[in-house]
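Please walk through this structure with me, from the contact between its chains down to single backbone angles.

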Amino acid sequence: MFEGPVQDLIEALRRLPGIGQKSAQRLAFHLLKAPADEARALAESILAAKERVAICRECFNVAEGERCRYCLDARRDPALVCVVEEPADIIAVERTQEFRGRYHVLGGHISPIDGVGPDDLRIRELLARVERGELKEVIVATNPTVEGEATAIYLANLLKPLGARVTRIASGIPVGGDLEYADEVTLGRALEGRREI
Amino acid sequence: MALYKEQGIVLRTMRLGEADRIVTLLTQGSGKVRAVAKGVRKTKSRFGGRLEPFTHVDLLLYRGRELDIVTQVEIITSHRAIREDYARFAAGEVVLEAADRVAQERERSVRLFMLALGALRALAGGDGDPAVIADGFLLRLASLAGFRPSLSACAACGRPGPHARFSISQGGLVCEKCRTGGAVRVGEGTVPYLAGLLQEGPLPGAPREGRREGSGLVRAYVEYHFDRPLRAWAHVPR
Ligand SMILES: [Zn+2]
Ligand SMILES: [Zn+2]
């Protein structure tokens with residue numbers, strides 16, 4: 001235990017995701033050693049982000065105004081929507097330069113063990129977008145984890161009866177990977193998702 | 001520090017740093033074990049999908065002071081069907097959550113391990129209602145922990161039943177003399193439902209009648225005796 005402001009800083013850093021006690025201490029002492037204006041710049045950018053960044057009314061991505069850049073971009077297909085867990089996943093999809101539709105950010109995945117059910121995510125809002133008839137295809141790009149898969153299945157059960165086409169991103173062997181080291185679930189999925197060449 | 005082999009069920013995983021996870025395992029011989037899986041979140045990780053919840057695995061672990069380290073893992077059964085149906089998934093989360101609450105770190109309990117594995121097998125097998133399988137698991141878990149509810153004789157004085165009231169705090173059915181304020185009058189099908197959950201053999205043998213009330217009682221009973229809320233329970237489609 002340290003005293004006063006140092007301990008406060010460590011406590012504050014510890015609340016960040018993925019930061020344990022040791023990392024928090026390391027970060028705190030790094031900041032203490034850094035020049036004052038570097039620390040100030042960090043504090044100010046956190047405040048500025050909190051003040052200026054809003055949530056897009058359409059897709060719940062982070063935005064600088066009422067709508068995010070993807071929802072404002074008229075060249076993007078409004079009938080095709082890619083559903084992701086978090087805004088950071090949009091960046092990953094964008095890097096592929098393969099997708100020219102819009103997004104929908106759920107804000108996480110269904111996780112009953114953590115008390116997170118469908119009502120705690122932006123699923124009702126997605127349903128509303130489908131019901132308005134705006135969407136022709138919903139691509140579910142939640143993580144290929146157990147919780148991400150369960151969320152995908154829940155969405156498919158909900159959206160298919162409304163006549164929307166619901167698709168799931170393929171999962172399988174990573175490019176540059178090695179078949180020999182693939183686990184049976186991944187390899188099984190890869191076989192199921194095979195395509196003609 | 002030493003390497004050791006174990007067989008376990010993946011209960012939950014938690015992100016750690018950039019690419020790692022802390023995996024909580026219910027093992028056959030070492031009780032609950034928390035171990036770090038390094039690099040598991042990278043797409044090219046050698047662990048791949050082997051450390052996802054519900055998976056029954058063979059492990060080689062490196063014993064650490066607080067956290068162990070997963071060095072090798074092979075799938076025994078992935079229980080894949082649980083991941084592919086929403087109701088089974090939610091019921092499976094009830095099993096994982098309750099097992100996580102009850103298991104003690106590094107304390108061997110083969111019976112707890114077998115009970116959890118049996119419940120996951122039943123869920124993956126596809127017959128039977130997932131919500132009933134979860135109820136059966138919970139009530140058997142309570143029994144294993146020493147809180148088996150009395151379903152015929154009075155839980156307080158032992159007077160032979162049948163009795164009409166169930167008391168969560170007194171541990172089952174109670175007679176008119178022993179009943180306290182919290183004892184509730186239960187419907188006709190409720191006791192047979194609960195008794196069905198406790199019957200020897202694979203999960204579940206419970207009749208469908210009495211399930212609504214019985215299911216609610218199971219939750220309240222388990223939450224009371226384990227003194228913890230069960231968060232997943234309310235998310236199981238019923
Ligand atoms: Zn948007
Ligand atoms: Zn009595």
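The paragraphs below take the interface, then the metal sites, then some local details.

This is a predicted model, in which local features need pLDDT of at least 70, side-chain atom pairs count only at pLDDT 80 or more, and totals for chains, interfaces and linings use all residues. Residues are numbered from 1 along each chain as its sequence is written, chains are lettered from A and ligands numbered from 1 in the order in which they are written, and side-chain values use heavy atoms, with hydrogens and water left out.

Start with the interface. Chain B puts 30 residues in contact with 31 residues of chain A; contact means heavy atoms within 4.5 Å. The size of an interface is often given as the accessible area lost when the parts come together. Here the area buried between chain B and chain A is about 2,400 Å², where buried area is the accessible area (1.4 Å probe) that two parts lose on being put together, summed over both. Carbon and sulfur atoms give 57% of this area. On the chain B side, B:R80, B:R83 and B:Y86 lose the most area to chain A, together 26% of what that side buries.

What polar links join the chains? Between chain B and chain A there are nine residue pairs in polar contact, both residues at pLDDT 80 or more. A polar contact is a pair of N or O atoms within 3.5 Å; within protein, one must be able to donate a hydrogen and the other to accept it, and residues adjacent in sequence count only if both atoms are side-chain atoms. Which parts of chain B touch chain A? Strand 1 (3-16), helix 1 (80-83) and helix 2 (86-102) of chain B each supply at least two residues of that side. Helix 2 of chain B gives the largest share, six residues. Helices (H or I, at least four residues) and strands (E, at least two) are DSSP runs, numbered from the N terminus. By class, this side of chain B has 10 nonpolar, six polar and 14 charged residues. Ala, Val, Leu, Ile, Met, Phe, Trp, Tyr, Cys and Pro count as nonpolar, Asp, Glu, Lys and Arg as charged, and the others, Gly among them, as polar.

Three salt bridges also link chain B and chain A. A salt bridge is a side-chain nitrogen of Lys or Arg within 4 Å of a carboxyl oxygen of Asp or Glu. A:R189 and B:E84 form a salt bridge through their side chains (3.9 Å, N to O).

Now the metals. In chain B, the zinc ion (ligand 2) is coordinated by B:C154 (SG), B:C157 (SG), B:C175 (SG) and B:C178 (SG), at 2.2 to 2.4 Å. Donors are N, O and S atoms within 2.8 Å of the metal (3.2 Å for Na, K and Ca); water is not among the atoms, so sites may look incomplete. The ligand 2 site is tetrahedral, with angles of 102 to 115 degrees among its four donor atoms; four donors count as tetrahedral if all angles lie between 85 and 135 degrees. The spacing along the chain is C-x2-C-x17-C-x2-C.

In chain A, the zinc ion (ligand 1) is coordinated by A:C56 (SG), A:C59 (SG), A:C68 (SG) and A:C71 (SG), at 2.2 to 2.4 Å. Its site is tetrahedral too, with angles of 100 to 119 degrees. The donors follow C-x2-C-x8-C-x2-C. A:C56 lies in the loop between strand 1 (54-55) and strand 2 (62-63) of chain A and A:C71 in helix 4 (residues 69-72), so the pair ties together parts that are 15 residues apart in sequence.

Finally, the backbone. The peptide bond from B:G161 to B:P162 is cis, with omega near 0 degrees. B:P162 sits in the loop between helix 4 and strand 6 of chain B. A:F60, in the loop between strand 1 and strand 2 of chain A, has a positive phi near 70 degrees.

Note on methods:
Tetrahedral: all angles 85-135°; square planar, octahedral: opposite > 155°, others 65-115°.
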